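Subject: Structure handover

Dear colleague,

Please find the structure below, with its sequence. Notes on what was found in it follow.

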Amino acid sequence: MSVARIALAWLLHQPVVTSVIIGAKTPEQLADNLAASDVTLSDADLDRLQKVSELPAEYPGWMIKRQSTNRFPEPPKDA
């Protein structure tokens with residue numbers, strides 16, 4: 001299976017994605033891209049793809065989270 005097909009299938013499995021734009025130069029690429037809608041990824045597949053594609057936190061996002069930890073402490077866990 002091509003990387004493009006897996007990437008498009010992963011996008012189609014994301015709940016926040018409402019549409020996917022494909023770009024193909026040849027009829028073969030178009031057919032491969034369209035075949036992504038037939039790919040079913042397991043939870044393990046999705047977890048693995050999420051881990052390998054995760055981007056590092058960027059400034060100021062990580063700083064805001066770090067500075068607000070004292071303002072919004074985690075709720076106590078039920079014992």
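Helices here are DSSP runs of H or I with at least four residues, and strands are runs of E with at least two, numbered from the N terminus. By that rule, S2 belongs to the segment before α1.

This is a predicted model, in which local features need pLDDT of at least 70, side-chain atom pairs count only at pLDDT 80 or more, and totals for chains, interfaces and linings use all residues. Residues are numbered from 1 along each chain as its sequence is written, and side-chain values use heavy atoms, with hydrogens and water left out.

Confidence

The mean pLDDT (the predictor's confidence in each residue, from 0 to 100) is 87 for the protein, and 94% of the residues score at least 70. Among the elements, α2 has the highest mean, 96, while helix α4 (residues 61-67) has the lowest, 77. Where pLDDT is low, the predicted coordinates should not be read in detail.

The salt bridge

How many salt bridges does the structure hold? There is one, a salt bridge being a side-chain nitrogen of Lys or Arg within 4 Å of a carboxyl oxygen of Asp or Glu. Its partners are D32 and R5, whose closest N and O atoms are 2.7 Å apart. Because D32 lies in helix α2 and R5 in helix α1 (residues 3-12), the pair ties together parts that are 27 residues apart in sequence. Side chains of opposite charge can pair when their charged atoms come close.

For accessibility, buried means under 20% relative accessible area, exposed means over 50%, and partly exposed is in between (1.4 Å probe, protein chains only). D32 is buried, at 17% relative accessible area, whereas R5 is partly exposed, at 23%.

Contact means heavy atoms within 4.5 Å. Leaving aside neighbours within four places in sequence, D32 is in contact with S2, A4 and R5. S2 is partly exposed, with 26% relative accessibility. The C-alpha atoms of S2 and D32 are 7.7 Å apart in space, and the two residues are 30 apart in sequence.

Core and surface patch

Which residues make up the largest nonpolar core? They are six in all: L8, A9, A36, V39, L41 and L46. A nonpolar core is a set of buried Ala, Val, Leu, Ile, Met, Phe, Trp, Tyr and Cys residues joined through side-chain atoms within 4.5 Å.

On the surface, I22, L30 and L34 form a nonpolar patch with about 240 Å² of accessible area together. Patches are made of residues with over 30% relative accessible area and no salt bridge, where like charges are joined within 9 Å and nonpolar side chains (Val, Leu, Ile, Met, Phe, Trp, Tyr) within 5 Å. Accessible areas come from the Shrake-Rupley method with a 1.4 Å probe; for residues, only the protein chains shown count as cover. L30 is placed in helix α2 (residues 27-34) and counts as partly exposed, at 38% relative accessibility.

Other positions

S42 is in the loop between α2 and α3 and is partly exposed at 34% relative accessibility. D43 lies in helix α3 (residues 43-53) and is exposed, at 61% relative accessible area. D43 and G61 are 18 residues apart along the chain, and their C-alpha atoms are separated by 28 Å.

Regards
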